[in-house]
Structure formats: C-alpha cells, structure tokens
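Dear colleague,

I am passing this structure on to you, and I would be glad if you kept it open while you read my notes. They follow below, one part at a time.

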Amino acid sequence: MDELRLPARNCTYVSETTENGPLIGFPNASWNKARAHTGSTCMAPSGIAASPEKKLGFEFEPSPWGDFFIEYEPKPLQRSEEWMMTRADKLKEDVHMMFNTSNSTEGVFLLDTLQHLGIDHLFEEQIHNTLSKILENKLTSSASLHEEALRFRLLREHGYWVSPDVFNKFKGEDGTFKKDITSQPSGLLSLYNAAHLLIHGEPALEEAISFARHHLELVSSSLKSPLAQQVKRALHRALPRSCKRVETLHYISEYGEEEGHNPVLLELAKLDFNLLQHVHLKELKAITEWWKNIYDHIGLSYIRDRVVESYTWAYVIYYERCFELPRIIIAKMMLLITILDDTYDTHGTIEECRKLYEAVQRWDESAVSLLPEYLKKFYIKLLRTFKNIEGEMPVDINYDIGHLKKAVQNNVTGYLQEAEWSHKNYKPRFIDQVNLTSLTIGAPTICVSMMAGMSDTIMKQALKWTADVPDVVVAAGKIVRLMNDIAAFERGKCNNDVASSVDCYINEYSVTSDVAIARIGALMEDEWRTLNQARFGNRVLLPAMQRIISLALSASFIYDNRNDAYTASKHLQKTIEGLFIKPMQMSIPSVSK
C-alpha cells in the first residue's frame with residue numbers, strides 16, 4: 001500500500017549570516033522573536049555539536065509495537081456492532097429526556113458527567129442549550145461549593161465569562177475562605193479544578209488553588225474510592241490541565257462506584273467507547289501499513305519508528321468518530337516532522353542540513369538533486385504525501401493544503417537555525433531558545449493540521465488564523481516544548497541536540513537544575529493562563545481554539561512524570577492497551593430491553 005487514503009469527514013524566506021551562523025528569515029512576528037539578540041555573548045554548550053562529518057551515532061529505542069496493529073484481530077464484542085449501535089441510540093433518547101426534564105442545577109451535574117465520561121460529543125445541541133440555561137440562571141445563595149465550582153468551571157471551559165466573585169460567599173469578613181468548607185472534599189476538589197481556569201491577574205483564584213490544595217492534601221489519605229483516586233490525580237494534575245481522553249479511561253471504571261450514579265450514562269459511555277475502539281483499530285491498521293511502506297522504502301534507520309504513538313497523540317486531540325480526516329493528517333504530519341527532526345538533530349552534517357532546508361523551501365521534485373543519496377527517497381515521499389493528501393481531500397472540505405506545506409517549511413527553517421547554533425557551539429539566551437524551539441516542536445504544523453476538522457462555516461477563517469501562528473498557538477507550543485525539555489533534561493539529552501531551555505536557563509542565570517525547572521514551571525503557568533484567556537476572545541473561532549488547547553493538554557499525557565513517552569514509548573504502552581486493545585466490560589441487558 002503506497003498511500004493511506006484520506007477519509008471524508010462525517011459529523012519566500014531569506015537567509016542572512018552572522019558570526020553565529022545564518023539567521024533564517026521567518027514569516028511573521030512570532031517567528032521573528034526567535035531571531036532577537038542573537039549577538040549575545042553566551043557560553044558554548046557542553047554537548048558535542050554538529051560537524052562537517054557525520055554526527056555521533058545515536059540509536060532510538062525500537063518501536064514496541066512493530067506490526068502488531070497490522071496483524072491484530074480483536075476478540076468479538078459481547079454483542080454485535082449492529083446491536084450495540086441500536087442500543088446506544090435508545091440510550092441517547094433516554095439522555096435527551098434527562099436534558100428536557102432537568103433544571104439548571106441538574107443540568108450542571110449532567111453536563112459534567114457527560115464530559116467526564118467522554119460522551120458529550122453525542123449531545124452538542126443539548127449541551128449548547130443547557131449552557132445557555134446555566135448562564136442565565138445563577139445558582140441560589142444556598143448552593144454548595146461543589147455546585148458553584150462546577151458551574152464556574154463548565155461555563156469557563158465553554159468560553160463563557162464568569163467572575164471569581166461567585167466564590168465570595170464562601171469567604172469570611174477577612175476575605176479568606178471559611179473553615180467549614182474544609183470538611184467538604186468534593187467541594188474542595190471542584191474548587192481546585194475550577195480555579196485552574198484562571199487568567200492573568202486573578203489573585204483570588206490563585207488563593208483558591210493554594211487553599212484547596214492544602215486541605216485536599218490533608219484529607220487525601222482518609223478518602224474513600226473513587227474520590228480518593230480523583231483527588232490523587234487532580235493533585236498530580238488538575239482536571240482542566242489533564243488529557244481528557246485518558247481521564248475518561250479512568251473515570252468510566254470509577255463512575256459505577258459513585259453514590260447515585262446513573263446506569264444509563266455508564267452503559268452509554270461503555271458502548272460508545274467500545275464502538276469507537278473498533279473504528280480506531282481500523283485506522284491504526286491502515287496507518288501502520290502506510291508507515292511501514294514508507295519506513296521500509298526510505299531506509300532511514302536512525303529515525304524514531306513511532307507510528308502508533310503518533311496516531312495515539314492525534315487520537316487524544318480528536319477521538320470522535322467523525323474526525324478521521326484530521327486524525328490521519330495530524331498523525332502523518334507528526335511522522336514526517338519526526339523524520340526531519342531526527343535528521344537535523346542526530347544524523348545530518350551541517351552541509352546536509354542546509355541542503356535539506358534548501359530543497360524543502362523549493363518544494364519541487366527537481367530539488368532532489370541537491371540532497372545526499374540517503375535523503376532522496378524521503379524527500380520524494382514527503383512531496384508525494386502532500387500531493388496525495390490534496391488529491392484525496394473530500395470535495396466538500398475547503399482545506400487549503402498550501403498552509404500546511406508552508407508550516408512544514410517553517411518548521412525546517414527552525415530546524416536549520418538550531419543546527420547552525422549547534423554547529424557553532426553556540427548556546428542561545430533562554431528567551432531566544434524558547435521562542436525558536438516552541439515552534440520547532442511542531443505546534444504550528446499540528447495546529448494547521450487540526451483545522452481539517454473545522455466546520456465548513458469557519459474552515460477558511462480558522463485555517464488562515466492558525467497559519468499566522470497566533471498567541472494561542474505559540475502558548476500551546478511553549479507548553480509542549482518546556483514539558484519536552486524538562487523530560488529530556490531528566491533523561492539526559494542526546495549529545496548532538498542543541499542546548500535545551502533548561503540548559504540555557506542554568507547557564508544564563510547560574511542556578512541549579514531544580515531552580516531552573518521550578519522557574520520554567522512558573523513560565524508554563526503563564527502560558528496556561530494565556531490559553532484560558534483565549535476562550536473569551538473571538539467566539540466564532542472557539543472550536544479552533546479548543547482544539548489548539550487540546551494540544552497543550554495532550555502534552556500532560558505524553559510528558560507525564562517528566563518522561564518523554566513519544567521517544568521512550570514504553571511509558572505509553574499500558575495506556576495504549578487501554579485505549580485500543582481492551583474493551584470496556586459491560587453488563588449486557590436482556591434482549592427484551
């Protein structure tokens with residue numbers, strides 16, 4: 001199979017030279033920040049730089065999956081797929097009735113449960129109407145902390161502004177939280193999660209986070225299941241900062257233990273998960289076959305073989321059935337930029353890196369003559385992959401692939417700048433390193449890929465907006481990059497890598513690694529607040545912003561516990577099994593139901 005066919009969706013740069021190597025002309029203000037202050041007197045990195053000869057050999061771990069998903073045949077489901085779909089439709093009707101009969105307070109709890117179980121995508125219209133009702137009807141003065149915090153979080157998550165003053169009724173005359181709420185662990189957990197949707201300049205929510213965290217830590221050892229597990233996860237990473245699909249994997253198994261849980265919602269969540277799992281398995285098989293063909297053809301043994309990990313990353317951004325198109329495009333782009341990244345970081349000489357940059361900027365098969373023999377097959381595959389994506393794009397999808405091509409070209413522009421820094425033994429200032437590498441991490445390319453999932457009404461606007469690398473894309477890129485760099489620092493970077501943000505911070509400010517990582521964590525917090533603020537901007541573009549925010553959320557999954565699970569993919573194995581191999585066990589009702 002030469003190319004994986006795309007599904008339909010249902011539901012000029014100038015180089016200049018300085019003493020530190022060429023500075024590449026970037027296309028907009030965000031990229032141009034990376035060029036600032038490059039004349040600063042920074043020390044050379046301690047690692048070994050690129051040289052005119054081949055870089056030191058470096059081998060990545062082989063893929064733990066190999067051909068597994070090509071050959072894998074899942075066990076038969078407990079009932080036929082047709083039965084499951086019919087049953088799911090019946091349960092959806094029951095949930096529609098719940099929406100119709102719920103008041104605004106009940107709607108808050110229903111919406112929270114649907115989101116947590118990962119089935120909110122089945123009820124978009126009902127959720128929109130419920131949010132309007134929740135926004136119009138404030139809770140009574142007797143509402144609990146749990147209720148008020150849930151309402152606050154849900155509205156802010158969906159782009160509706162709510163003032164933190166709603167929590168003032170839980171404070172005393174001195175402005176601090178009352179002691180009596182410390183005996184309400186569910187309320188404290190809701191407050192802790194809600195307050196993580198703070199924006200810049202909200203000290204009241206900073207105080208709420210500190211207060212709730214302190215008291216949750218005090219009671220965590222005495223809590224019962226499943227609240228104990230939920231508090232433990234939140235203290236590790238608050239719900240609004242966690243990867244939603246992975247959280248769903250946990251919550252489905254816990255929800256049945258909750259007092260007063262709704263069996264209709266639980267059954268629907270399991271049915272939907274299992275039905276989607278079969279869809280995703282088919283996609284995994286197809287894209288693994290596509291990648292195997294490319295990997296074997298181009299013969300680049302030094303690159304990371306990470307097709308399953310790339311698909312999984314795309315999946316946690318877009319898991320819904322109707323978004324096969326953006327899932328496949330995102331996964332393909334991750335694989336292609338991984339090849340480019342590994343070539344620049346671990347293998348190519350500086351001359352080969354420059355020639356590859358020139359060929360990618362020309363974007364024409366005639367430019368293959370510029371390249372060393374070992375890169376020619378890859379270059380042709382790169383160009384043909386884009387031609388195939390464009391040729392197979394469904395006629396009803398108005399997606400201009402030219403924006404995606406430009407994003408990849410800009411990515412390579414950044415890779416070359418990193419290579420030039422490394423070649424010159426140049427350690428950039430911290431700010432310059434972050435401004436550049438938060439873009440070379442691939443965020444602009446992946447965000448442009450995501451826009452293939454936008455509706456026709458905003459596709460053109462969202463694609464152009466994203467391609468211009470707005471602040472929300474930069475913020476998401478910085479979060480991914482800084483998490484990546486902390487994980488790489490903990491692991492021990494490849495000798496050929498350009499100095500990481502942690503290295504640059506330690507060098508520039510003469511601090512220990514612990515201090516550097518703590519301060520970088522504070523910078524990440526600023527970027528999270530920028531992302532939270534973005535929800536309250538252009539409401540037309542909110543669907544695009546929400547997907548870009550999901551890229552940052554996915555980083556908490558890929559780089560959890562300061563591991564780079566994309567590179568050292570053993571850290572993902574258990575989760576991948578849960579997402580794609582192990583179906584949810586169900587109590588099947590009788591046929592009469």
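**Helix 21 and its cover**

In helix 21, which runs over residues 501–509, the buried residues are Ser501, Val502, Asp503, Cys504 and Tyr505. Please keep in mind from the start that this is a predicted model. Among the elements that cover these buried residues of helix 21 are helix 17 (430–440), helix 20 (471–491) and helix 22 (513–534). Directly after helix 21 comes Ser510, and the phi of Ser510 is positive, with a value near 55°.

**The chain as a whole**

The chain has 593 residues, and 59% of them are buried. Its accessible surface amounts to about 24,500 Å², and carbon and sulfur atoms account for 51% of that surface.

**Two pairs of packed helices**

When two helices pack, we describe them by the angle between their axes and by the distance between those axes. I looked at two such pairs in this way.

In the pair formed by helix 4 (residues 104–117) and helix 5 (residues 124–136), the packing angle is about 135° and the axes are 9 Å apart. Because angles over 145 degrees would count as roughly antiparallel and those from 65 to 115 as roughly perpendicular, this angle makes helix 4 oblique to helix 5. The two helices cross in a left-handed sense. On the side of helix 4, the residues that meet the partner are Ser104, Gly107, Val108 and Leu111, while helix 5 brings Ile127, Thr130, Leu131, Lys133 and Ile134. Sorted by class, this contact of helix 4 with helix 5 holds five nonpolar, three polar and one charged residues. As you look at the numbering, remember that an α-helix has 3.6 residues a turn, so residues three or four places apart point the same way.

The second pair is helix 18 (residues 443–450) with helix 23 (residues 542–558), which pack at an angle of about 135° with axes 10 Å apart. Helix 18 and helix 23 are therefore also described as oblique to each other, and helix 18 passes helix 23 in a right-handed crossing. In this contact, helix 18 contributes Ala443, Ile446, Cys447 and Met450, and helix 23 contributes Arg547, Ile548 and Leu551. By class, the residues of the contact between helix 18 and helix 23 are six nonpolar, no polar and one charged.

**Backbone details in the loops**

Asn425 is another residue other than glycine with a positive phi, here near 55°, and Asn425 lies in the loop between helix 16 (401–423) and helix 17. With a relative accessibility of 36%, Asn425 counts as partly exposed.

Finally, the peptide bond from Ser225 to Pro226 is cis, with an omega near 5°, and Pro226 has its place in the loop between helix 8 (203–219) and helix 9 (227–236).

With kind regards

Key. Residues are numbered from 1 along each chain as its sequence is written. This is a predicted model: local features need pLDDT of at least 70, side-chain atom pairs count only at pLDDT 80 or more; totals for chains, interfaces and linings use all residues. Side-chain values use heavy atoms; hydrogens and water are left out. Axes are lines fitted to C-alpha atoms, for helices over the stretch in contact, and angles run from 0 to 180 degrees between N-to-C directions. Helices (H or I, at least four residues) and strands (E, at least two) are DSSP runs, numbered from the N terminus. Angles under 35 degrees count as roughly parallel, over 145 as roughly antiparallel, 65 to 115 as roughly perpendicular and the rest as oblique. A crossing is left-handed if the near helix is turned anticlockwise from the far one by less than a right angle, and right-handed if clockwise. Contact means heavy atoms within 4.5 Å. Ala, Val, Leu, Ile, Met, Phe, Trp, Tyr, Cys and Pro count as nonpolar, Asp, Glu, Lys and Arg as charged, and the others, Gly among them, as polar. Buried means under 20% relative accessible area, exposed over 50%, partly exposed in between (1.4 Å probe, protein chains only). Accessible areas come from the Shrake-Rupley method with a 1.4 Å probe; for residues, only the protein chains shown count as cover.
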